[in-house]
Amino acid sequence: MKFRNVIDRQDFSDVLKLYTDSFPENERRLYSGVSAFMDFADRHGDRFNILIAENEEGRFMGFITYWEFDRFVYVEHFAVETSMRGTGVGTELLSYLKNISDRSLLLEVEPPVDEMTRKRIGFYEKNGFRLFDGFRYIQPPYGPGQSGMELKLMLYGPYTPASPSELAEFHRIVYDA
């Protein structure tokens, strides 16, 4: 398996398709197409990154989008092609990001209310993340007409936010909130 940053229109197209297929509208930005996605990535390129996994033949297998901040790296979206789920691709992709980052990782998950959400949290726990319950966390809406969502934070590494206000810069930059 190989890992690299997106480099061309085809990479963006592969990521956008999986992104759209994997996340409901309320949990993602509503890009009008590949060009809009590329423009967004270009405008935020000082912090925003897209890492992809591919097999030895160059077949796209999954992606992680992440943002770099002073004290942590925020994993915004993470998805693996449906046919590749359960094969270790997600674990390898996440391990690669942990290895290249010199900071703690932070991500948001849905509260553990059913088998799917508990399984997702379990996946992250198996990969060294811990569920954070230090305060109530609300993910801001991605755009007009969307609503915020109560989620849980998961952390990998020593960083622990002291209060919701400590995440204000992160919310302003990622969610324009």
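**Entry 1: Asp11**

I started with Asp11, whose side chain reaches the backbone nitrogen of Ile7 at 2.8 Å. I'm working on a predicted model, where local features need pLDDT of at least 70, side-chain atom pairs count only at pLDDT 80 or more, and totals for chains, interfaces and linings use all residues. Residues are numbered from 1 along each chain as its sequence is written, and side-chain values use heavy atoms, with hydrogens and water left out.

Asp11 sits in helix 1.

Is Asp11 buried or exposed? I get 6% relative accessibility, so Asp11 counts as buried. My cut-offs are under 20% relative accessible area for buried, over 50% for exposed, and partly exposed in between (1.4 Å probe, protein chains only). Leaving out residues up to four places away in sequence, Asp11 touches Arg4, Asn5, Val6 and Ile52; a contact here is heavy atoms within 4.5 Å.

**Entry 2: salt bridges**

How many salt bridges does a search of the whole structure find? I wrote down 12. Each is a side-chain nitrogen of Lys or Arg within 4 Å of a carboxyl oxygen of Asp or Glu.

I looked at Asp21 and Lys17, whose closest N and O atoms are 2.8 Å apart in a salt bridge. These two are four residues apart in helix 1 (residues 9-22), which means about one helical turn separates them. Both Asp21 and Lys17 are exposed.

Next I checked Asp133 and Lys152, which form a salt bridge at 2.8 Å, N to O. Asp133 lies in strand 6 (residues 130-139) and Lys152 in strand 7, so this pair ties together parts that are 19 residues apart in sequence. Asp133 is exposed at 54% relative accessible area, while Lys152 is partly exposed at 24%.

Glu150 and Arg136 also meet through their side chains in a salt bridge (3.2 Å, N to O). Glu150 belongs to strand 7 and Arg136 to strand 6, so here the parts tied together are 14 residues apart in sequence. I have Glu150 as partly exposed, at 41% relative accessible area, and Arg136 as exposed, at 59%.

**Entry 3: Tyr159**

I found Tyr159 in the loop between strand 7 (149-156) and helix 5 (168-175). Tyr159 is buried, with a relative accessible area of 6%. Its side chain makes a polar contact with the side chain of Glu166 at 2.6 Å. Setting aside neighbours within four places in sequence, I listed its contacts as Arg71, Phe72, Ser104, Leu106, Arg130, Glu166 and Leu167.

Last, I went looking for gaps. On a 1 Å grid over the protein atoms alone, a cavity is a set of points where a 1.4 Å probe fits but cannot get out, and a pocket is an open set with protein on both sides within 12 Å along at least five of seven lines; lining residues have an atom within 4 Å of a point. Grid points are joined across faces, edges and corners, and a volume is the space filled by probe spheres set on the points.

The structure holds one cavity of 30 Å³ or more, and the largest cavity has a volume of about 40 Å³. Among the residues lining the largest cavity I noted Tyr19, Phe37, Glu76 and His77.

The largest pocket has a volume of about 1000 Å³. Of its 33 lining residues, Phe78, Ala79, Arg120, Phe123 and Tyr124 lie nearest its centre. Strand 4 (72-80), helix 3 (89-100), strand 5 (104-109) and helix 4 (115-126) are the elements giving two or more residues to that lining.

Notes
A polar contact is a pair of N or O atoms within 3.5 Å; within protein, one must be able to donate a hydrogen and the other to accept it, and residues adjacent in sequence count only if both atoms are side-chain atoms.
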